[in-house]
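Have a look at the structure first, and then we can go through it piece by piece.

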Amino acid sequence: MKNILIFLGIVAVLIIGGSILYFSTQPTSAEIDYSEQLKWDVHKYLINEKNYVEDNIEEIKVTGNAKLKGKKRFEIAVVFKDDKDSV
């Protein structure tokens with residue numbers, strides 16, 4: 001009986017710890033809004049400041065770097081239609 005209780009305790013700790021880890025790494029709604037704002041700002045910068053043609057922009061990717069904290073944790077990659085190999 002004691003072994004069963006120890007086993008159930010270990011399983012409970014693993015489930016709780018895994019849940020905490022999972023939910024702490026999920027982006028918050030503020031971070032999602034911020035990443036969408038970053039996409040928009042980069043898009044405007046490329047069009048207005050760097051004079052890129054909008055049709056030449058294939059994709060703007062915003063990803064999070066878990067090693068960094070706050071707003072600096074986002075990385076932005078722009079893929080152009082004429083240069084898909086370089087990001």
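Does Leu5 count as buried or exposed? Leu5 counts as exposed, because its relative accessibility is 54% (buried means under 20% relative accessible area, exposed over 50%, and partly exposed in between, with a 1.4 Å probe and protein chains only).

## About the model

This is a predicted model, in which local features need pLDDT of at least 70 and side-chain atom pairs count only at pLDDT 80 or more, while totals for chains, interfaces and linings use all residues. Residues are numbered from 1 along each chain as its sequence is written, and side-chain values use heavy atoms, with hydrogens and water left out.

## Overall layout

The protein chain has 2 helices and 2 strands, in the order α-α-β-β from the N terminus. Helices (H or I, at least four residues) and strands (E, at least two) are DSSP runs, numbered from the N terminus. Of the 87 residues in the protein chain, 17% are buried.

The accessible surface of the chain is about 7,300 Å², and carbon and sulfur atoms hold 59% of that surface. Such areas come from the Shrake-Rupley method with a 1.4 Å probe; for residues, only the protein chains shown count as cover.

## The strand pair and the core

Strand S1 (residues 57–64) pairs with S2 in the antiparallel sense over 7 bridges; strands pair if DSSP finds at least two bridges between them. Within this pairing, Val78 in S2 is the bridge partner of Ile60. Strand S2 (residues 74–80) is largely enclosed by the rest of the structure, because 5 of its 7 residues are buried.

Ile60 and Val78 also belong to the largest nonpolar core, together with Val42, Leu46, Ile57 and Phe80, 6 residues in all. Helix H2 (29–49), S1 and S2 are the elements that give two or more residues to this core. A nonpolar core here is a set of buried Ala, Val, Leu, Ile, Met, Phe, Trp, Tyr and Cys residues joined through side-chain atoms within 4.5 Å.

## The surface patch

Back to Leu5, which lies in helix H1 (residues 2–25). Met1, Ile4, Leu5, Phe7 and Leu8 form a nonpolar surface patch with about 600 Å² of accessible area together.

Technical notes: Patch = residues over 30% accessible without salt bridge, like charges linked within 9 Å, V, L, I, M, F, W, Y side chains within 5 Å. Salt bridge = Lys/Arg side-chain N within 4 Å of Asp/Glu carboxyl O.
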